[in-house]
Amino acid sequence: MLPPLSRREVAARDAIVWLGRRVRHGTIVLHERDTRIELGNGNPVVDVTVRDPRFYWALRRGSAGLGESYARGWWDCDDLTGLLRLLIVNFAGAGRVLDRIGAAARPLRDPPARLRRRDKGTDRRNIHAHYDIGNDFYALMLDESMTYSCGVFERPGMSLGEAQTAKLDRICRMLDLSSTDHVVEIGTGWGGFAVHAASQYGCRVTTTTISDAQYEYATKRVADAGVADLVTVLDVDYRDMTGTYDKLVSIEMIEAVNWRDYDTFFSAGAGLLRDGGLAALQAIVIADESFDRAKHHDDFIRRYIFPGGCLPSIASLALASSRAGFRMLDLHDIGQHYPATLRAWSANVQEHESEVAALGLDIEFRRLWHLYLAYCEAAFLERRVGDVHVLLEKPS
């Protein structure tokens with residue numbers, strides 16, 4: 001039985017219904033007590049069931065409130081990805097207005113923000129908050145290679161593991177890796193790239209992470225794979241690395257780098273490469289026109305999933321890498337493969353829900369994670385975000 005609505009919750013619900021009447025593509029059916037309210041018309045149709053009226057008031061905080069209220073069980077939906085796609089499509093106009101405001105405000109917002117630089121300790125705590133949930137949890141969600149980034153499904157019927165191997169091979173071929181190369185990797189993950197590159201291409205790899213859980217796992221994995229003579233795993237901030245390498249790799253790590261530190265990231269990378277060396281990045285990117293708004297916005301993902309995260313745009317990557325002396329040789333969008341990757345991860349989590357619970361991860365965490373994967377899938381399906389392979393060269 002739903003508790004009675006407070007006056008502010010009634011006002012919030014009325015505002016949501018008023019906004020919902022502007023839905024033009026698809027239908028959201030809102031169920032509250034014995035009331036059924038249809039917002040919009042036509043297909044697709046998604047059903048939202050309100051279980052606690054605090055849901056309405058929470059939405060004043062946008063996607064952060066949507067995520068928090070879902071995690072707490074205040075509402076349910078028969079198709080989370082479908083609902084989120086409807087919201088993206090129907091309120092794209094409002095997003096464009098906010099994008100223009102963000103761009104106009106850049107001269108006022110950026111200078112003071114640049115004075116509040118993050119330190120290495122904050123970056124390490126942010127990484128721990130996401131990646132140190134536990135290796136056992138990620139082993140249940142990911143494929144056997146423990147690769148936590150977009151795969152490349154080159155043909156129908158490929159498994160998630162095959163798609164991840166195809167992605168790793170694509171990066172290795174981009175760099176033209178051989179046994180004479182010494183590669184530096186910024187962002188080890190669980191060691192998937194390092195082990196693959198060493199075992200399949202014979203190159204040496206020095207890889208670094210600031211996640212304690214990943215460092216422990218990757219070190220053992222390298223030893224178990226018999227490539228300890230080729231792979232060195234470090235627990236070092238990329239800004240503190242030294243040495244000279246032939247090639248550089250960073251796979252979906254730059255999303256953890258704050259926009260104020262892009263120049264630092266690329267300068268550090270250039271400092272590690274020999275003249276003529278190549279760098280391959282895989283990066284989740286946001287549209288150029290949305291970057292100025294997004295980099296200052298504390299949304300659901302940044303608040304609850306990746307604290308301190310920031311999606312770059314292609315323009316921001318191009319400018320920062322150019323300032324560091326890099327030349328861009330190639331850029332390829334693989335974002336169309338991310339929905340299938342995310343669906344596979346979500347299916348794995350749901351299939352192993354009892355085992356996830358046995359790890360001590362409560363229902364609120366599991367609901368939050370379910371929404372996170374659906375949120376990302378919807379964003380990729382509607383092309384709000386993309387995923388790119390970028391090949392850079394440090395000129396001689």
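**Overall build**

What you have here is a predicted model. The protein is built from 17 helices and 11 strands. Its C-alpha atoms fill a box of roughly 70 × 50 × 40 Å along the principal axes. The radius of gyration is 22 Å, which agrees with the value near 21 Å that a compact globule of 396 residues would have. Of those 396 residues, 54% count as buried. Take the contacts between residues at least 6 apart in sequence, and 74% of them join residues at least 24 apart.

**The nonpolar cores**

The largest nonpolar core holds 67 residues, and M141, Y148 and W369 touch the most other members. Helix α17, residues 363-381, gives the most to this core, namely 11 residues. Another core lies apart from it, with 32 residues that include V184, I186, M253 and V390.

Which residues does W369 contact, leaving aside its neighbours within four places in sequence? They are H130, I133, F137, Y138, M141, Y148, I305 and V349. Two of these contacts, M141 and Y148, are named with W369 as the residues that touch the most other core members.

In α11, the buried residues are Y262, F265, F266, A268, G269, A270 and L272. They pack against quite a list of elements: the strands β5 (182-186), β8 (245-251), β9 and β11 (385-393), plus the helices α12 and α14.

The cavity is lined by I186, L248, F265, F266, G269, A279, L281, F326 and L392. Both α11 and β9 (273-286) give two or more residues to that lining, with α11 giving the most, three residues.

**The second largest pocket**

The second largest pocket has about 290 Å³ of space. Its lining counts 17 residues, and the closest to the centre are R114, F291, K295, S316 and R323. Four helices each supply at least two lining residues: α5 (92-114), α11 (262-272), α12 (291-294) and α14 (314-323). The largest share is that of α14, with five residues.

Here is how the two linings split by class:

A few loop residues deserve a look. N43 and P44 are joined by a cis peptide bond, with omega about -5°. P44 sits in the loop between β2 (35-41) and β3 (45-50).

M146 is not a glycine, yet it has a positive phi of about 55°. You'll find M146 in the loop between α7 (135-141) and α8 (160-174). D176 is another residue other than glycine with a positive phi, near 55°, and D176 lies in the loop between α8 and β5.

Are M146 and D176 buried or exposed? M146 has 3% relative accessibility, so M146 counts as buried. D176 has 61% relative accessibility and therefore counts as exposed.

Methods. Residues numbered from 1 in each chain as written. Predicted model: local features only at pLDDT ≥ 70, side-chain atom pairs only at ≥ 80, totals over all residues. Heavy atoms only, no water. Core = buried A, V, L, I, M, F, W, Y, C linked by side-chain atoms within 4.5 Å. Buried < 20%, exposed > 50% of the residue type's maximum accessible area, 1.4 Å probe, protein only. Contact = heavy atoms within 4.5 Å. 1 Å grid on protein atoms, 1.4 Å probe; cavity = no way out; pocket = protein on both sides within 12 Å on 5 of 7 lines; lining within 4 Å. Points joined across faces, edges and corners; volume = space filled by probe spheres on them. Rg over C-alpha atoms; globule rule 2.2 N^0.38 Å.
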